[in-house]
Each structure stands twice: as structure tokens, then as C-alpha cells.
Amino acid sequence: MTAAVIDAQNLRKSYGREHVALDGISFRVGAGRIVGLMGPNGAGKTTALKAILGLTPFEGTLQVLGRDPRRERDALMQEVCFIADVAVLPKWLRVSQAVDYVAGVHPRFDRARALAVLAKTEIRSRSKIGELSKGMITQLHLALIMAIDARLLVLDEPTLGLDLLYRRAFYETLLNDYFDHERTILVTTHQVEEVENLLTDLLLINHGKIVLDSSIEALPERFTQLLTTATHREAARRLQPLHEREVFGRHIFIFEGQDPAALAALGELRTPSVADLFVAKMTGSAS
Amino acid sequence: MSLHMFLTLLKRESWEHRSLVWLPLLTAALIVVTALISTHVAGSIRISLDGGERDFFATLSLDPQAQAQLFGVWMGALVAPIMLVATVVLFFYLLDALYVERKDRSILFWKSLPVSDAATVISKAVTALIAVPIWVWLLSLVTGLLTFVIVAIKVSGTPMAPLGNFHIAAWGVLQLTLLQNLLIAALWYAPLAAWLLLVSVWARRAPFLWAVLPPALLALFEEITFGSAQVFKFIGYRLVGFFDAVGPGLVRGDTDEADLASILQSIRDAYEGMSAISLLGTPDLYLGVLAAAALLALAIRLRRWRDDA
């Protein structure tokens, strides 16, 4: 395996005595992956991202592109981009000034590329950010980021508050025009359905702990969804399902590490969606 | 950190805080307009010249050195209103500089780019202590030339005609002196600017109160407890110490009652005392710079690790 883009060992962070945001998590992210870091509110996602970006102190060992974000943040940010969410571009800044500023401070910024992306939008360069819609601000931010030759892109709820058209367009642009199988993307979002088709890896986090760390390809081997009727309900329960729910009289179970052959007799088998797994893991680990 | 990058950071400040550019410019424009308007009342000024002033200008017309000194003094005085306005704007600028970015969360955007916290904080201090003063100096230079042309036209053919002579050597010395004074003022006021930046990066709300109240309360506490005013005196010293060094006041209003010789003497004093260079011999200047460095280092550290966005 090539050197990990992110290598986190036993990250710990607490706010005050009560609230433990990261409870000793460890994970690796390889180059060229698109990793979804997901969890409920307060699970520790944003804290993990802040640790990776060197924005917050923490305990443990963390290497991002071979650097410690606590000590080498300034060098690290040459190769890492992030979009926190749509609301962080300052309202007083003009579009042309935003381009000038990034061009002035970022040695890996390609102004022509940013302008080419912006030309495809309705954003006018004289406009102030305060005059743009949320969707347009996201387009602008994405245009800036896409023109930076970075190795790691971190997205924290990048499409929060956008309508469906902008959300779709955001991820399509990202995938078609930005991602090139060498860059790495780490994304947190609540809108699981929208990103599940573009992820290569999944990191589920809850109460400051990793509850699932898997590539998307490995999911079918590991998880099985069983659709069955009340008749087989008890038999299914005896096989220790991860999660159970009932929809229109159908009983839907999710199993982890269970032999599909043992389940096949009980009903119809599928691979659970990321959203199903998310719910199964979160309600499971909460109890 | 290249020069180009640092200049981008300074440009950024002028985009966000446009009043740093416009209000000094507006003040300079007002000075020129005032001079223009008063041109129309030149007749009434001529009439109001009494015997004493007539003697004064008569003497002046025979004394090129005194002429040059008066020229330097009134032209140098033009920087004062522009700098005063800039100072007020700068005070609020420094309090906002590292506070608003946290309030509107744009700090997450600024921090997503490879600009160190040190570069950011220093760019704001340099804006306040060097960039804006140089802008004020340029404005005063242009204002001085425009005002001179207006005054020269206004006084030609009157007993005040000596005011219309341009003294190129005095002008050159004046500009260098003003520029030098602005840089010395930057050193003198560096701890004040650094204190405001520190409050700006630290305060969760109401940076103005945090900047002003603690020193004020400390002074009050001392007054009540010990009956002394050391804190108050110290604050006053750091606020006006620079102007004490600029020698006798530039503006003398009591020309009516003084005799001719003492008027000329006070002009000479004002002209010769205009340089603040004596301040460079004060250890307090360097102690202040050290304090500023410590406060800025603290501000940089706080911005680096502050986590409340």
C-alpha cells in the first residue's frame, strides 16, 4: 500500500470534562479515494476534520500527507483545500477580488482555470458575495478550489442549504472535472443518498468512535440485507441481526458477517444501501 | 512568504475596510475645498489686516529663511487633520480586524488557504502602522501642493504675497521629516495597535469595551485604592507621548498680542521642532516595540489555536 494521505492513530479530543468529541479513533485514508465521513450531529465529524486541517489541538498521532497538522499547518495547506460550508465566504468580497486574492496567496492556483469554470455560471465578476445566492456562492467556492492543484480536498457539509439542482451539480462537477484518481476527497454530509454513489470508502463515526471503516466494494461481502415476512421473523432474529425494521408488513434485517447461505432460506437477499447501513450502525451503537 | 503574497494581504485589507482609503481622501479633499472657498473671501482678509500683521508680512518679505520656515510649518500642519481622521478609522479597524472574521465565520475560508496566522496578523499591523500612514503622507503631499497653488493665487498682489513663494528645499525637508515622523509614530504606537489586535482576536463579543474598559478600570482602581494616577499617566504618555516629541505646537493662535520677534521665534521653534527624531533616543520607544512584539506573538498564537467558529 502506498503512503496514506491521512494516517490517524488514537485521536482524542474533549471539550471540557463532559463532552468527548473524539474517543481514540484510528483510521487511514489512501491516495485516490473518496471517503465519506458520516455520523449524526455531535458524533465528532467536524472535530475530526478540524484535527486533520490543523484547526484544533488534540491528542494522538496524526499524519496528513506525511505532515503533522499541528506543527506544519502552513506547509500542509499548500496541498490541502477545504470547503467548510457555503456561508464562509465573506459578504463584502467581490468575485474578482476572491480570484485575485487566491491567485495572490496560493502558489498552486490556476487563474485561467478558475475563470473558465466561472464563465460557465451566471456569476458576474463585479458582484459581491453578499449579492449572490447560496448556490452561486458554492459554485464560486468550487471554482476557486478546482483551480488549485491540491492532493487532498476536505468538504464539510458542502451542500448544506442548497436545493437539489445545485447539490447534484456540485457533486457532478466534482467527480467529472476535479477528481482524477490521484487526488483524495474526504467529505462529511447528512445527505447520505446523494454521495453514496460517488464514495469509494465509508467511515461511520458515532459518539467519537469509528463504528464502520470499509471500502464500498467490501460492503456486499460483509453486510447482507434480508427481506422477509413475519413467518421467518423469529428465525432471522436468532441469527443476531444488526438491525431490524418493518415496512408495510415486510421485515427488513441487516446482518454483519453472516453467511448469505444461512440467510437465503429465510427470504430475499440484497446489499444494504449506505443509508440503510448508516441507520443500522447508528441505532445499533446507540443502544 | 513572497512580497507579492504580502502585498495581496494588504490589498485584501483595503477591500474589506474601504474607509481606510476613503475617509482620509475625503478629509484631504475637504481641506482643498475649504481653501478654494476661502479664496472668494480674499478681499475681506486683505481689509482685516491690521498694522501688526502688515509689519509681520513686510518683515517676512525681506527674510527668505523665515518665509521658508512659515511655509514648512503651515504645509506640515495639513497632515494633522488627515492623520486625525485616519487614527479614528484605524482604531476601529484594528478592533474589527480579527474579530469580524470569527463572527461571520469567514476565518474558515481564510484559513483554508496557505497564509500563516503570523502573516495574517502582521499584515493587519502593517496596514495600520505603515500602509495607512504612507497613504496619509501621500495625501498630505498632494493636498499641500494644491492648497499652496490656491493660496498663492489668493495672496498675489496683497501684503501677504510672501506666503505665495514656493520654497523647494524646505518642501523637500518637510516631506522627508513627515515621512520619518510617520515611521517613528509607527514604532511609538505599535504596542497600542498590538493591544487592539490582541483584543480583536480574543474577545467573544464587544471588543471595544474589552479594549477600553480594563485599562480604564485599572486606572480607576489605582485612583481609589492608592490615590495615585500612575496607570492613567502611563496610558496618557503612550497616547500623546509622540506629540510631546514633535516639539512646540504647530498651531499658534496668539499672534495679535505677541511682538514681531517672538512670533518669528515661535515659527522657527515650530519648524525646527517638527521632527520626532528625538524619540529614537528614548528607551520607552524600544520597550514599547518589545511589548508590541509580545502582544502580536500572543495574538498570532490565539488565532492559530482559537476554535470557536
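Two strands count as paired here if DSSP finds at least two bridges between them. Keep that in mind as we walk through this predicted model, beginning with chain A.

Take strand 10 of chain A, which covers residues 223–228. It runs antiparallel to strand 13 of chain A, and 3 bridges join the two. To find your way across this pair, look for Q225(A), which sits opposite R270(A) of strand 13. Now widen the view: these strands belong to an open sheet of 4 strands in chain A, ordered 11-12-10-13, with antiparallel pairing. Which strands stand at the edges? They are strand 11 (243–247) and strand 13 (268–270) of chain A, and each has a single partner strand, so one side of each has no neighbour in the sheet. Going from one strand to the next, the twist averages 25°.

Next, head back along chain A to strand 1, residues 6–15. Strand 1 of chain A is joined by 8 bridges to strand 2 (residues 19–29) of chain A, and the two run antiparallel. Within that pairing, S14(A) faces V20(A) of strand 2. The hairpin made by strands 1 and 2 of chain A has 3 residues between the strands, and G16(A) there takes a positive phi near 70°. Strand 1 of chain A also pairs with strand 4 (residues 59–64) of chain A, again in the antiparallel sense, this time over 5 bridges.

Now for the place where the chains meet. The contact draws 23 residues from chain A and 19 from chain B. On the chain B side, the elements that give two or more residues are helix 1 (3–16) and helix 8 (107–110). Helix 1 of chain B gives the most, with 6 residues. What kinds of residues make up the side of chain B that touches chain A? They divide into 8 nonpolar, 5 polar and 6 charged.

Finally, stay in chain B for a pair of helices. Helix 11 (residues 207–226) and helix 12 (residues 230–245) of chain B pack at an angle of about 140°, and their axes are 7 Å apart. Roughly antiparallel would take an angle over 145 degrees, so helix 11 of chain B counts as oblique to helix 12 of chain B. From helix 11 of chain B, the contact uses P215(B), L218(B), A219(B) and E222(B), while helix 12 of chain B brings Q230(B), V231(B), F232(B) and I235(B). By class, this helix contact has 6 nonpolar residues, 1 polar and 1 charged.

Terms used: Residues numbered from 1 in each chain as written. Chains lettered and ligands numbered in written order. Predicted model: local features only at pLDDT ≥ 70, side-chain atom pairs only at ≥ 80, totals over all residues. Axes fitted to C-alpha atoms, helices over the stretch in contact; angles between N-to-C directions. Parallel < 35°, antiparallel > 145°, perpendicular 65-115°, else oblique. Contact = placed C-beta atoms within 7 Å. Nonpolar A, V, L, I, M, F, W, Y, C, P; charged D, E, K, R; others polar.
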